[in-house]
Amino acid sequence: MTDAASEPDKITGPTPDNALRAADKADDGPVLAADGKPLKQSLNRALRAQKLRALALIAPLLIFVLISFIAPIGDMLFRSVENQIVGETLPRTVTALTDYDAASEEAPGDDVFEAAYYDIFYAAENKMHTRLGSRLNYEMTGASSMFRKAGRGVDDIGEVYLDQFEDLDENWDEARPWAELMGDPDWISAQEGWDGESRMPAFELRSGIADILPRTATTYENFARFMQNEEEESPLEEEPWSVVHTALYQDLSEGDVSGYSGPRSDMLQGAADLVASPDFETISFRDGFEEIDEDWVTPEIWQIIKTYSPAYTSGYFLNSVDMQKTEEGPAMRDEDERIYGLLFQRTLFMSMVITFSCILLGYPVAYLLSNLPASRANLLMILVLLPFWTSLLVRTSAWKVMLQQQGVINDVLVWLGMVADDGRLVMINNQFGTIVAMTHILLPFMILPMYSVMSTIPPSYVRAARSLGATNWTSFWRVYFPQSVPGIGAGSILVFILSIGYYITPEIVGGTSGIFISNRIAYHISTSLNWGLAAALGSILLVVVLALYWAYDRIVGIDNVKLGG
Amino acid sequence: MSEAILTPIEKKPMGFTAGVLALAGAVAGLFIGTAQGSGLLGVVAGAVLMAGLAFLAMQVLGEEMEKPVRWAMIAIVAIAGVLLGGPPGLVVGALFGWFFGWFIYWVGLGRYRERLLPYLTGGQVLWHYAFRVICGAIFVFLITPILVVMPLSFNAENFFTFTPEMLRFDPEGYSLKHYRDFLTNPEWTGAVKNSLMIAPVATLISVSLGTLAAIGLSQSHVPGRRAIMAILISPMIVPLIISATGMYFFYSKIGLVGTYWGIVLAHAVLGIPFVIITVTATLVGFDRSLTRAAANMGANPVTTFFKVQMPLILPGVISGGLFAFITSFDEVVVVLFIGSAELQTLPWQMFTGLREQISPTILAAATILVAISICLLTTVEILRRRSEKLRGMSPG
């Protein structure tokens with residue numbers, strides 16, 4: 001037995017007695033927990049631990065949803081404004097176009113054509129010019145073919161110089177002499193010693209060459225880097241592109257190389273003499289482009305390139321509300337080119353019709369179900385839940401079977417003699433088909449929320465109204481109906497949200513007049529490949545849906561969504 | 001309420017019975033008449049015939065002869081049906097005969113008031129039954145498309161419609177060839193296999209993560225609960241076409257487009273809201289003191305979860321899982337966007353089949369899917385009732 005055990009009052013530490021004593025001593029002070037810390041602090045700590053535990057349980061799922069769902073949605077929003085392809089593919093042209101007055105009725109000056117020549121040459125080697133062409137084709141019909149032709153045609157401009165240099169000296173179309181002229185001697189020896197498997201020694205320009213032949217040095221460096229990184233070929237064995245010869249001509253016609261004494265100086269001197277001689281054939285970049293396609297010397301294509309050169313654009317959004325970018329800012333498209341406004345209107349209109357028919361059909365059923373004895377209501381509920389659980393494609397194919405011209409409904413009508421055999425009703429591939437099929441598909445989403453609200457309405461209110469002398473209609477309209485409105489609201493928002501973004505059913509039974517905006521989005525993703533426009537249309541639709549979702553959360557509360565009764 | 005109040009039923013005046021029957025006969029006669037060529041003749045003949053039959057049954061033969069009269073009606077009208085419309089007429093005729101036999105006595109003897117409150121006026125009684133007929137029509141609208149698919153899937157021809165042989169109930173007109181095609185054609189079996197490989201894994205992911213999160217969400221102090229809930233439910237609210245578009249862009253960046261795991265992840269996300277909703281609903285009725293009691297007796301949190309909490313919320317977890325499963329099993333938009341030729345699922349196969357009108361094998365697939373969904377529906381209903389019984393909320 002220790003002293004402490006025999007005399008409990010002398011124990012120091014958190015015992016109930018000590019806590020009481022401490023509390024007595026500090027009468028005005030905070031209430032203390034058993035360990036002597038203020039109770040408030042202890043409770044806060046416990047609360048914090050509880051919150052952390054809850055968050056730790058939620059975190060894995062939240063991260064999962066954020067990565068695999070919210071991030072894709074964010075990506076789509078980003079794509080609807082992203083427009084880096086023009087600036088990335090034609091960087092020199094975009095810079096050269098800065099001073100170009102897009103409103104003028106003339107094509108830009110020769111410096112722009114020069115920049116475009118180099119840009120398109122590199123783009124063609126990187127196979128980017130067709131992608132840029134199809135991007136600009138969304139804004140200007142024909143741009144795609146112009147860029148395709150330019151990708152093939154820019155070589156012709158360089159060939160003019162290449163051929164003449166080659167006629168002068170075979171070495172101008174050889175890999176080795178060029179490499180000796182442009183490359184650093186150390187790099188050449190390193191490249192010669194390359195074993196063919198490890199990383200190639202990165203190309204380096206010979207010091208001083210960039211001062212004498214600035215353009216040639218840049219283009220040759222681009223060529224050598226491209227060969228090393230993209231093609232994995234040694235620049236010592238590949239003949240340079242014709243663009244390098246063009247650059248050489250430009251340098252020689254402007255600068256003086258007589259002071260040059262490095263390797264291959266005689267070859268360079270000969271070329272300089274050739275360029276200086278009056279027989280040397282030249283071609284201006286502008287003429288070269290005109291030869292490729294006459295549209296290149298019209299102002300339209302340059303205006304389009306200038307308009308769409310920033311990295312972010314509102315162009316897709318303007319497109320999706322039937323507007324376009326012009327010199328004077330956004331403007332409406334011509335009447336006959338407006339399709340999306342009509343499509344949005346139709347989507348909203350048809351969703352409203354579908355919602356309304358769901359209310360009309362769902363209300364009586366929900367009323368009946370909530371007023372029947374439980375056992376019979378459960379039995380009838382199966383008739384509502386079975387379509388709800390049946391595959392969407394099964395229901396859609398069923399409606400195709402029912403509605404088509406040789407379908408069940410037409411067969412029955414013909415059999416009854418109500419329709420002539422040659423006058424079968426057209427009920428599919430139009431708006432009617434979409435509305436009927438989607439009303440059927442979405443009806444359970446209307447009935448279930450209505451039912452859950454209606455089964456909470458006490459029947460005694462209506463009876464009280466009756467006993468006070470109200471007619472059937474008054475007691476329904478003034479007493480029962482107002483209490484069932486929350487159910488109608490919940491069901492309507494749910495059905496409207498679901499129907500506005502529907503894709504499968506309109507695609508199969510909608511034909512051309514019964515399709516929704518979602519079908520157009522799918523078309524742009526898979527057929528026209530105008531992803532930016534698809535993303536912009538999707539973003540607009542998303543905003544509408546989120547606004548409705550917010551309203552739903554406000555009115556019904558997202559926790560109160562019920563599934564299956 | 002019908003046990004407490006006995007509504008006296010009495011025989012109605014002959015004029016009333018004959019009038020109602022004549023009206024019903026006229027409506028039926030209109031259909032038969034137009035089918036045979038003359039609507040007007042049908043209306044008159046139907047009205048006269050039914051009024052006469054009502055008089056015969058009520059005044060001449062009386063109540064005791066009810067059974068023989070009704071059988072006779074079925075037989076006579078069925079024979080008349082055969083004469084007018086062949087084998088399909090037999091079925092329709094028998095149904096008409098059965099209905100009118102029942103209707104004559106129901107109206108004539110005033111049985112329609114049996115289950116109603118005694119003080120209702122005639123108009124109210126009429127409205128009561130008219131309302132039921134309207135509701136019945138809506139139920140027919142709900143269920144007919146699903147029922148129509150079933151017989152058509154036994155079609156011997158490659159049509160999406162009833163052939164004359166089928167209507168004659170000729171065995172020649174029926175066959176199992178579409179089912180054989182469904183079960184042997186590699187396109188379809190491959191699609192079923194893909195669906196069965198994707199859906200369970202996606203379900204497993206959404207159920208395990210979803211259940212944990214639902215338990216976290218049901219704690220009393222969760223900061224930002226509303227916002228978290230809104231994010232977790234959003235895959236159900238955002239239109240599928242938008243989700244699919246975003247996933248197509250994003251997943252192609254990280255190399256998941258056209259891969260098995262890409263589809264599994266997408267389907268798992270789409271199934272999560274259903275798991276969250278059902279499991280949180282079950283947790284509302286969960287008694288927290290049970291976990292405290294378990295902890296008090298020395299169980300660690302993991303043991304408490306598996307031995308105490310899990311068995312009680314299992315019905316909710318399973319029905320959430322079934323929802324997630326059917327979401328993945330039925331999903332087509334995302335698969336169309338981020339799937340590939342080797343990863344065609346059953347809905348994809350059905351969708352392309354419907355767009356290109358290939359063969360009624362789709363209907364065989366549809367019938368099998370309806371059978372599966374009936375099984376799932378039954379399971380979910382049983383689980384729901386069991387869970388309600390556990391919580392003492394339902395008398396049944």
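Let me start with a bend: helix α12 of chain B has a kink of about 60° at Met310(B), shortly before the proline Pro311(B). The bend at a residue here is the angle between axes fitted to the seven residues ending there and the seven starting there. Helices are DSSP runs of H or I with at least four residues, strands are runs of E with at least two, and both are numbered from the N terminus.

This is a predicted model, in which local features need pLDDT of at least 70 and side-chain atom pairs count only at pLDDT 80 or more, while totals for chains, interfaces and linings use all residues. Residues are numbered from 1 along each chain as its sequence is written, and chains are lettered from A and ligands numbered from 1 in the order in which they are written.

Now the contact between the chains. Contact means C-beta atoms, placed from the backbone, within 7 Å. Chain B contributes 83 residues and chain A 80. Helix α4 of chain B, residues 122–152, gives the largest share of the chain B side, 14 residues. That side divides into 66 nonpolar, 14 polar and three charged residues. Nonpolar means Ala, Val, Leu, Ile, Met, Phe, Trp, Tyr, Cys and Pro; charged means Asp, Glu, Lys and Arg; the others, Gly among them, are polar.

Chain A has 27 helices and two strands. Its radius of gyration is 39 Å, whereas a compact globule of 565 residues would have one near 24 Å. The radius is taken over C-alpha atoms, and the globule rule is 2.2 Å times the number of residues to the power 0.38. Of the 565 residues, 39% are buried. Buried means 20 or more other C-beta atoms within 10 Å of the residue's own, exposed means 12 or fewer, and partly exposed is in between, with C-beta atoms placed from the backbone.

Last, a loop residue in chain A. Lys127(A), between α6 (110–125) and α7 (129–137), has a positive phi near 60° without being glycine. Lys127(A) counts as exposed because it has 9 C-beta neighbours inside 10 Å.

Technical notes. Two residues are in contact if their C-beta atoms, placed from the backbone, lie within 7 Å.
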